[in-house]
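Please open the model in a viewer and keep the selection panel at hand.

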Amino acid sequence: MDPSTTLSLSVILAVLAAAVTHATWNAIAHGIKDQTLAFALIGVGGIVIAIPLVIVTAMPRANCWPYLLGSVAIHVFYNLLLMQCYRLGEFGQVYPLARGISPLVVTILAAIFVHEHLAPAQIDGVVVVSAGLAVLVLAGRRPRLAGGPGGVASPGKHRAALLAAVGTGLTIAAYTTVDGVGVRLSGSPVGYIGWLMLLESLGVPMFALARRRDVLLKQPRRILLAGLAAGALSVLAYGLVLWAQTRGALAPIAALRETSVIFGAIIGTLVFREPFGRTRIAATVLVAAGIVLLNVT
């Protein structure tokens with residue numbers, strides 16, 4: 001096995017911190033009912049954090065820019081699909097489905113495009129983590145979506161929520177792989193994340209200012225601050241992941257990062273009053289077992 005596929009303790013802790021941070025900013029985004037407003041504020045928060053990073057860090061090398069710009073385009077689709085997920089679905093259902101698809105896809109893409117080959121136990125770890133995440137969706141209760149009788153989804157909206165979550169998961173796998181290559185070529189991981197977050201954060205705020213400025217200005221201060229904080233947390237979360245990708249293989253990092261769904265399930269229980277129950281306990285055990293396998297050498 002390539003030694004680079006073994007994750008160090010510092011990388012594991014960084015990715016787990018990213019998982020907690022990612023679940024937190026997504027929960028904030030879900031909690032703001034107007035999703036265009038939510039992602040506009042998150043974009044502004046990301047821009048505020050990204051500008052100093054761009055100013056004080058070295059410019060990424062020229063050969064990483066095709067990857068960086070490709071990632072910007074993928075992130076735009078990711079944000080559009082994620083907004084659809086949160087418009088249609090329950091946080092405890094669409095979030096784990098979107099996040100749970102990506103580790104297996106990243107494993108395949110990393111093997112094809114980056115030539116990273118994991119030990120059998122680590123492949124088992126990716127599969128077990130993904131299985132644990134799938135348990136949260138497939139064995140859970142049906143999402144409560146808007147538009148159905150008694151708060152239960154109509155079949156059409158239920159399918160739309162699932163399709164949006166699957167599409168989101170595929171975009172996550174795509175940008176994870178692209179950024180894994182790009183950040184290694186950049187020579188400046190902090191500069192790479194700064195430019196990435198600056199460029200990909202511009203779209204939704206510009207749209208909101210052009211079309212929804214009156215709504216934006218009428219929001220309570222707590223909503224504005226929550227959205228901006230979520231944007232700052234999104235930069236921190238992905239910055240930690242990109243740093244980790246310069247020090248470890250993409251597939252185990254992707255699987256470890258998606259433990260955010262467990263933290264998301266906890267947040268869903270404590271904040272949104274969604275039940276935790278036996279299903280999520282079983283999923284937590286599976287994910288924990290998978291993390292152990294990821295680090296078997």
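A residue is called buried under 20% relative accessible area, exposed over 50% and partly exposed in between, with a 1.4 Å probe and protein chains only. The model is predicted, so local features need pLDDT of at least 70 and side-chain atom pairs count only at pLDDT 80 or more, while totals for chains, interfaces and linings use all residues. Residues are numbered from 1 along each chain as its sequence is written, and side-chain values use heavy atoms, with hydrogens and water left out.

Select C64 to begin. With a relative accessible area of 0%, C64 is buried. How many disulfides does a search of the whole structure find? The search finds zero, a disulfide being a pair of cysteine sulfur atoms within 2.5 Å.

Now display helix α2 (residues 35–56) and helix α3 (residues 65–88), whose axes come within 10 Å and cross at roughly 135°. Helices are DSSP runs of H or I of at least four residues, numbered from the N terminus; axes are lines fitted to C-alpha atoms over the stretch in contact, with angles from 0 to 180 degrees between N-to-C directions. On the α2 side, highlight Q35, T36 and F39; on the α3 side, highlight N79, L82, M83, Y86 and R87, which complete the contact (heavy atoms within 4.5 Å).

Finally, select S260 in helix α12 (residues 260–270). S260 counts as buried because its relative accessibility is 1%. Beyond neighbours within four places in sequence, S260 contacts A19, H22, A23, Y95 and R99.

Conventions
Helices (H or I, at least four residues) and strands (E, at least two) are DSSP runs, numbered from the N terminus.
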